[in-house]
Amino acid sequence: MSTLTIQNVKSDYQGQVILKGLNLTLEQGEIVALLGPSGCGKTTLLRAIAGLQAISEGSIAINGQSLSADGVFVPSENRGIGMIFQDYALFPHLTVSDNILFGVKDLTAKERSERLEDMLQLVKLEGLGKRYPHELSGGQQQRVSIARALAYQPELLLLDEPFSNIDSQVRSEMMLEIRQILKQRNVSAVFVTHSKDEAFVFADKLALFKEGGIVQHGLAEELYAEPIERYVAEFLGEGNYLTVTVKSPTQVSSVLGLIESTKTLNLALNSQGELLLRPQQIDLQPASQGHGEIVERRFLGTICHYWVKVGLQTLEVRSQLTALKLGQKVNLSISAHPLVIF
Amino acid sequence: MQRQGEFGMKSFKSLALLGLATVSSMGSMTATAAEDLTVYSYRQAFLVEPILEKFTQDTGINVNVVFAKDGIAERIAREGRLSPADVVLTSDFSRLMELVEKDLVVDVNSDTLNNNIPEQYRSPENDWYALTMRVRNVYSSKDRVGKLDLSYEDLASEEYRGKICTRSFKHPYNIALVASMIAHHGEAETKTWLEGVKANLARKPQGNDRAQVKAVKEGLCDIAIGNSYYFGKMMSDPKQKSWAEAVYINFPNQQNRGSHINVSGMALAKFAPNKDNAIKLMEFLSSDVAQKSYAEVNMEYPVKADVKPSEMVASWGDFKADSLPIFKLAENHQAAVKLLDEVKFDL
Amino acid sequence: MILGLTRSWSLAGYAIAVILILPLFALLVQATFPDEAVFSHLIDTVLPTYISNSLLLMLQVCLGSLVIAVPAAWLVARCDFPARRYFQWALLLPLAMPAYIVAYVYTDMLDYAGPVQRMLRQVFGWTSPQDYYFPDIRTLTGAAIMLSLVLFPYIYLLARTAFMEQSSSLLHASRIMGCSPWQSFWRLGLPMARPALAVGMALVAMETAADFATVSYFAVPTLTTAVYDTWLGYGSLSAAAKLSAIMLLVIFAMVGFERFARRKQELFQKQSRLTESDRYHLKGVKAWVSFSYCSLLIVLAFLLPFMVLAGYAIDYFDESWNSRFWQYSFNSLYIAAVVSFICVVLALLMMFIRRVSPRKSDILPSRLSSTGYAIPGTVLAIGVLVPLTYLDFAINDVYDYFDARGPGLLFTGSVFALIFAFCVRFVAISIGSIENSYKRISPSLDMASITMGQKPRQLLWRVHLPLLRKGIFAGALLVFIESMKELPAALLLRPIGFENLATHVFQFVSDEQLEHGALAAIVIVIVGLIPLIYLNRSLEQES
């Protein structure tokens with residue numbers, strides 16, 4: 001049974017449609033990232049799940065129990081949902097311990113202190129229980145908010161851009177740490193972010209948002225390798241778009257010559273399309289008679305990012321060959337892979 | 001919806017309890033026993049308390065006296081049949097008239113009162129009684145003017161241009177004076193008189209009667225209008241004695257009708273909860289002993305014919321009082337106020 | 001926002017608001033009742049004078065306060081000179097001084113018999129008023145000066161903040177483009193502070209309109225005194241209500257203007273703040289002129305009247321230090337404590353509902369309740385008495401129906417009316433204070449608590465209440481002080497025979513014997529100084 005089931009959820013605010021019919025399911029222990037630019041409705045959906053935002057149509061259910069649907073509205077405080085906020089929302093007037101135990105009910109004093117110790121240990125904040133939030137670093141505050149959200153054992157954890165206030169140097173470390181905590185407890189989580197990098201690191205699955213709807217939902221690798229539309233491809237990484245003509249179910253022709261596909265293309269013969277080529281999918285070989293010329297380069301350490309002019313088009317290429325100079329003629333080749341053509 | 005009546009009974013109950021506690025604690029601040037007498041007084045409490053204490057000693061009836069400078073009539077009117085007031089003491093005649101006009105007092109049929117208080121000092125309908133009287137005097141500078149034998153009419157004469165000081169003419173004491181002028185001369189002539197007096201003012205009407213005497217002492221003006229008892233009060237105040245010593249107290253209109261008299265008085269409230277005891281108190285206030293001390297504390301003249309004023313008051317000399325019955329002033333009260341508005345006396 | 005907030009919360013909010021605006025409504029109804037031609041008589045005679053006096057007074061006080069406050073605010077916000085840090089809070093001291101006390105002290109000092117003119121006469125050998133000219137202080141302009149002296153801190157406080165919040169980059173830009181400090185004041189500082197000044201002037205005008213004691217002492221008849229006189233003198237409640245309605249018209253125009261200016265002001269406020277190095281460091285003559293100007297203001301508006309008052313209090317101490325003084329002090333403190341408690345509870349409830357309610361219209365109760373602050377005490381008194389009298393009679397009618405002895409004047413005969421009026425007038429202060437505190441609490445705290453299973457009541461009790469502590473305290477304190485100072489409503493609504501410090505002091509002022517009430521006046525002033533300690537601390541933190 002899936003933890004979270006969202007069906008055809010619509011929401012509008014002052015006549016403006018914010019969510020236009022969303023479907024999403026989440027399995028027990030899964031972490032899904034709601035990814036998209038700001039204003040696309042991902043935070044609205046998160047709040048709707050938490051019961052902080054009304055929906056006008058559709059239904060939201062956890063473990064088969066309906067939370068929001070026609071004539072049903074379970075108030076936030078009875079949904080058993082944990083939430084972590086962008087600004088952590090720690091109560092400034094309470095100590096770390098009191099913050100963590102804020103939502104814990106129906107336990108004896110002994111159980112409460114056990115729960116507290118368990119949580120402090122989980123988030124590696126042993127000994128800091130007496131401190132106040134303002135005496136902690138940003139990362140520590142973040143961990144307190146996680147401990148607080150997990151302490152009352154919610155069915156589902158919601159995270160609203162939780163890493164945007166963390167220093168970029170420690171961000172991915174932090175994400176892995178927290179991901180580990182969630183996995184360790186087998187917690188289902190919905191995570192809102194506008195950063196694909198965060199989504200890749202933290203989530204099991206992605207749900208990419210566009211103007212109040214989910215464009216594509218699935219494993220990160222799937223979305224990256226097989227985006228169903230150009231918006232998805234562009235959002236998840238840089239790419240070149242090459243005009244190609246379908247020559248056979250596994251072959252297209254382009255300015256770079258024939259390119260092989262390892263998967264059958266569902267396109268009519270001789271139809272034209274735009275082929276998505278990630279910069280690392282293009283190979284470079286220096287050649288004095290090459291049909292391309294390097295017009296710009298940027299050194300990135302182990303690799304180098306080149307802008308290569310081919311005919312009228314400029315392609316972006318990432319290559320392990322870091323010594324190529326401006327003006328160098330090169331040959332470009334593309335190894336066979338499942339082609340993505342829009 | 002799972003939460004029903006969240007704000008519900010519990011919170012409301014505690015709020016309501018708090019409210020009740022507040023209201024009852026407020027009530028207790030002003031509560032009085034039901035059989036006690038309540039006196040609403042325009043005269044300050046310390047002036048009347050000694051006499052009322054005497055009354056309590058004699059009769060065993062407790063008296064609560066509450067003082068207000070303004071608005072007692074308005075308040076009794078608003079309180080209507082729920083008013084706790086038994087007896088109203090006023091500091092002047094116009095306040096008595098206000099009570100009568102608003103139908104807030106009721107007549108008393110007491111032979112004691114009618115015997116003690118002369119006819120011209122009580123209402124023909126027995127619904128109010130004067131207790132003490134005072135003269136609206138004209139004070140003159142000892143140095144610059146000397147003792148005067150003038151009339152109120154003279155105050156409008158050019159001789160005193162820029163030399164007169166007075167308090168607001170909207171004050172009841174001055175309104176009563178204007179009313180008496182109307183009674184003697186009619187409205188048109190009084191209006192001319194008011195314009196003349198206004199033209200003679202050294203400054204815009206302001207302050208109280210004492211402040212006018214002080215102004216004479218300082219040389220701001222030569223003539224001040226003021227009640228007789230203020231002279232006595234200043235004489236007995238160490239700081240103000242020098243003010244009083246700078247002026248003569250003059251009794252106007254001695255050559256003709258006599259000086260304008262105003263009175264303080266009392267009346268029985270229409271809805272008095274304890275009418276019988278209230279009448280006992282009123283009778284007591286007209287008795288020799290009360291008359292003597294009530295007049296004495298405020299340096300006034302007792303209305304009861306055979307009671308003598310205090311030595312100091314007597315020392316200002318005998319005078320002839322205007323024989324106009326006091327209630328005649330009432331007939332001209334509204335006219336006086338309107339005239340004052342018309343000539344913008346205070347503005 | 002709590003989507004499932006039950007309607008009973010909203011209803012509670014509306015119930016509070018309806019009770020609090022009842023007086024306003026009652027007043028307008030009363031104004032439609034016949035008044036036996038009293039009102040038309042007033043129109044024919046003195047009303048035009050009253051209206052023009054009121055408007056002239058407001059105009060003069062606004063201009064006077066502006067002229068006094070703006071230089072002081074600019075100096076303190078933008079320059080550095082000796083003792084500037086002390087001036088920034090000391091310039092607020094006059095707020096603690098009731099205007100009628102300042103008026104009394106200066107009248108005593110400046111009138112013909114006062115020490116100033118006496119000295120002049122001695123020096124120049126004059127003997128009578130005809131020998132020389134000396135301006136009369138008991139005039140409209142005199143009253144305007146007195147009111148300006150105690151009201152200018154409103155404009156000072158707002159202007160100072162506005163000057164400090166003007167972006168330093170703008171200031172730098174103007175300097176680079178060749179503006180002298182003087183030019184940058186006229187071309188940049190002043191125009192950008194205009195909305196703040198407008199807000200300040202609207203507040204000053206409202207306070208002026210509400211003033212009863214000063215104009216009554218100076219015998220300058222205004223609409224406020226006219227309401228009092230018409231009610232108690234002519235005995236016509238309806239005519240007084242009609243006058244009040246005219247007055248409210250003027251006042252609500254001012255409120256609208258203030259709201260408008262406030263919105264403008266928010267547009268002009270920037271995040272970046274001035275740093276110490278952005279100040280003009282005044283030297284030599286300029287420094288001393290600035291120092292003297294600020295000192296003079298404080299001396300004239302606070303120190304001098306305070307010293308005179310203290311002198312009186314010492315001279316008449318034995319006479320004043322008696323059981324009556326204690327009784328009046330207790331009455332003042334009791335009323336102020338009850339009022340501030342009620343105001344804070346009501347404001348907290350309304351602001352909580354406004355914060356968490358999903359219904360947009362729930363903003364209304366706190367908005368509506370805030371209008372009470374604009375209603376002058378004299379006017380409010382009429383509005384309070386009308387419905388309460390009605391209520392008193394209704395209750396007694398019920399008792400009569402059952403042949404029981406009624407409780408008498410439960411509301412109008414007790415301090416209830418007084419407390420009710422004070423709450424109507426001052427709840428806006430506690431609303432404002434709590435509103436400000438609420439702005440600093442992140443909405444995600446609410447969401448966090450309710451996702452953790454907290455009911456609205458628990459959210460209020462466990463999260464908001466502790467976090468709003470400072471705002472609640474500040475609100476209660478301000479209401480407390482205003483309740484101690486408020487005079488006209490107390491004069492008109494107190495149960496007969498009831499005195500508090502303010503009515504006690506005013507009685508002596510109107511009898512021209514403030515000396516006897518000086519001790520009580522000192523208590524009012526000193527209690528009024530308490531919030532300045534807090535203001536001082538927050539101002540220090542700012543800079």
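Helix H13 of chain C buries a whole set of its residues, among them C:Ser290, C:Cys294, C:Leu297 and C:Ala301. Further along H13(C), the buried residues include C:Phe302, C:Pro305, C:Phe306, C:Val308, C:Leu309, C:Tyr312 and C:Ala313. Keep in mind, as you explore, that this is a predicted model.

**Helix H13 of chain C**
- An α-helix has 3.6 residues a turn, so residues three or four places apart point the same way.
- H13(C) covers residues 284-315 and has a kink of about 50°.
- That kink is centred on C:Val299.

**Chain C as a whole**
- Chain C contains 24 helices and two strands.
- Its radius of gyration is 25 Å, which agrees with the value near 24 Å that a compact globule of 543 residues would have.
- Along the principal axes, the C-alpha trace of chain C spans about 80 × 70 × 50 Å.
- Buried residues make up 53% of the 543 in chain C.
- Take the contacts in chain C with a separation of 6 or more: 84% of them join residues 24 or more positions apart.

**A sheet in chain A**
- Strands of a sheet pair through backbone hydrogen bonds, either parallel or antiparallel.
- In chain A, five strands form an open sheet in the order E16-E20-E17-E18-E19, with antiparallel pairing.
- Strand E16 (282-286) and strand E19 (313-319) of chain A are the edge strands, each pairing on one side only.
- From one strand to the next, the twist averages 40°.
- Five bridges link E16(A) to strand E20 (residues 329-334) of chain A in the antiparallel sense.
- A:Pro286 has A:Val330, in E20(A), as its bridge partner.

Methods:
Residues are numbered from 1 along each chain as its sequence is written. Chains are lettered from A and ligands numbered from 1 in the order in which they are written. This is a predicted model: local features need pLDDT of at least 70, side-chain atom pairs count only at pLDDT 80 or more; totals for chains, interfaces and linings use all residues. The bend at a residue is the angle between axes fitted to the seven residues ending there and the seven starting there. Helices (H or I, at least four residues) and strands (E, at least two) are DSSP runs, numbered from the N terminus. A residue is buried if 20 or more other C-beta atoms lie within 10 Å of its own, exposed if 12 or fewer, and partly exposed in between; C-beta atoms are placed from the backbone. The radius of gyration is taken over C-alpha atoms; the globule rule is 2.2 Å times the number of residues to the power 0.38. Two residues are in contact if their C-beta atoms, placed from the backbone, lie within 7 Å. Two strands pair if DSSP finds at least two bridges between them. Axes are lines fitted to C-alpha atoms, for helices over the stretch in contact, and angles run from 0 to 180 degrees between N-to-C directions.
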